[in-house]
Amino acid sequence: MNEDFLKAKELLKLASRAQCNADELVSALRLLKEENEDLYIQSLKSLSLNNLANVAVLMPEFMLSDMLSSFSTAVLARAVDELESDDATDLIQTLEHIDEQKARLILNSVEKEHKKDISLLKSYEKNSAGAYMQTEFLQAFLDESLESAVQRYKKLRASGEIEQVQHFFVTDKDNVLSFCLPFSEALFLDFDTKFKDLDKANLKLIKNFVYDSDSIDKVVNLVKSYDLSVVAVLDKNMRLMGRITYDDIHDYLQEQATEQIYNLVGVDDEAEEETILKATKARGFWLFINLITSLVSANIISLFSGEIESLVALAVLMPIVASMGGNTGSQALTVTVRRLSLGEIKFAKAKYIILRELKISLLNGFLFALIMGSVAYLWFGIHLLGVVIALSMLINLGLAGFIGSIVPLSLKKLGYDPAVGSSVILTALTDALGFFSFLLLAKLILL
């Protein structure tokens, strides 16, 4: 029995009676599932309620399916009650993908107020600020003292109604937000001070906020621009609805980065978390698309088989043209997709982005055309062969830069993720155009 397996067993044994790190628990459960299914289910059932709740939020769907079949609705509802509203909502929505009926039963079994908060968060659009906020926050009122708010926080913390907070969200009696007071500032105040008097003091009060209907990307930009650890979320009437914390932003950015990387090469991030068979199936779709496009490139080459037979140097040099085009296109593609994901590109400036990538690609094309033209001439001693590969290199690199920028922009304009399959499309076009331009020029100029 290997050391990692033994450590996983010990950690899960501890998790039946003590609070443990959720990431480590999920990793331990994964290992047990691979090695010993019965022990895995046994360890899952032995988790304390709090640990069960925390690992459920991080589990992939195939492990959550095991949880659904291993626990009663009542136990899972109590686990959901352990979670903050945003995590509880994420868990319920994931469970709905697996078993909608059981997820509904679980939601109906959670505490009334918690169910109300989860239902509210579920009602927001997927990428809105409201969908990412949590409804637990430390509220203070303009007419009350700092001492009063601190004492209320102690009671809430002791009862488990609220966990880590870094700010007082100060509102009027109608719940309209006035400002946020960081704890770091509150520590230096007289506790008898009333919040309504703080606006006159020389304090770093936070007045940034977002509306619940705003895009989550606006929240990300706000956090980055002002180095915020928390952002207040308001409704259209300026009433305080919830907060988005820096860890929520971190998780969102991590998910986006992972999804973007996977999408660029046609890999399904959810399938990668599941069985080998499902991951194979998900990858196989784009590999099949790639096979079709490769056959197109092979067919282009076959059209010039006579020319290749009469001059073997063409077979030696043509992969270089396609490879350089592919790499140039990948550079343009990666830069464009990344800038789209960060919200740095607006469609009003799409023409500028395409022309910029085209100019960069053509400048590189001109440089490498000179290099490869010289190499081809020195290698094979055929002057016109150098001219052919130089022209083909210039054409293919220019087109690759154009394609690498226009493909993700077009996908975004059509409402699709700009990264999905872009790499496969790019490779297909640059290979086909590279082979065709090189062999056609060789036929027209050399043969």
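Modeller: Strand β5 takes in residues 230-234, and five of its five residues are buried. Buried here means under 20% relative accessible area, with exposed over 50% and partly exposed in between, for a 1.4 Å probe and protein chains only. Strands (E, at least two residues) and helices (H or I, at least four) are DSSP runs, numbered from the N terminus. The model is a predicted one, in which local features need pLDDT of at least 70 and side-chain atom pairs count only at pLDDT 80 or more, while totals for chains, interfaces and linings use all residues. Residues are numbered from 1 along each chain as its sequence is written, and side-chain values use heavy atoms, with hydrogens and water left out.

The two sides of β5 can be read off residue by residue. Val 230, Ala 232 and Leu 234 point one way, Val 231 and Val 233 point the other way, and all are buried.

Two strands count as paired if DSSP finds at least two bridges between them. With β4 (residues 209-211) the pairing is parallel and runs over three bridges; one of the partnered residues is Phe 209, which is bridged to Ala 232 in β5. To get from β4 to β5 the chain passes through helix α13 (residues 216-226), and this β-α-β crossover is right-handed. Right-handed means that, with the strands pointing away from the viewer, the path from the first strand over the helix to the second runs clockwise.

With β6 (residues 240-245), β5 pairs in the antiparallel sense, over five bridges. Val 233 stands opposite Gly 242 of β6. The two strands form a hairpin with five residues between them, and Met 238 in the turn has a positive phi of about 70°.

β2 pairs with β1 in the parallel sense over three bridges, and Val 170 is the bridge partner of Ala 140. β2 also pairs with β3 (residues 177-182), in the antiparallel sense and over five bridges; here His 167 stands opposite Pro 182. β2 and β3 form a hairpin with five residues between them, and Asn 175 in its turn has a positive phi of about 75°.

Ser 128 sits in the loop between α9 (112-122) and α10 (129-132). Ser 128 counts as buried because its relative accessible area is 5%. A polar atom of the side chain of Ser 128 lies 2.8 Å from the backbone oxygen of Glu 125. Neighbours within four places in sequence aside, Ser 128 is in contact (heavy atoms within 4.5 Å) with Asp 212, Ser 213, Asp 214, Ser 215 and Ile 216.

Next comes the empty space. Rolling a probe the size of a water molecule over the atoms shows where such space is left. On a 1 Å grid over the protein atoms alone, a cavity is a set of points where a 1.4 Å probe fits but cannot get out, a pocket is an open set with protein on both sides within 12 Å along at least five of seven lines, and lining residues have an atom within 4 Å of a point. Grid points are joined across faces, edges and corners, and a volume is the space filled by probe spheres set on the points.

The second largest pocket has a volume of about 730 Å³. Of its 22 lining residues, the closest to its centre are Asp 117, Glu 136, Gly 160, Glu 161 and Ile 162. α6, α9, β1 (139-141) and α11 (146-159) each give two or more residues to this lining, and α11 gives the most, with four.

One cavity of 30 Å³ or more is counted, and about 60 Å³ of space lies in the largest cavity. Among the residues that line this cavity are Leu 52, Ala 53, Ala 56, Leu 64 and Met 67. α4 (49-58), α5 (61-70), α6 (73-82) and α7 (85-98) each give two or more residues to the lining. In α4, Leu 52, Ala 53 and Ala 56 are among the buried residues, and the buried residues of α4 pack against α2 (22-35), α3 (37-46), α5, α6 and α7.

Notes. Polar contact = N/O pair within 3.5 Å; in protein donor to acceptor, adjacent residues only side chain to side chain.
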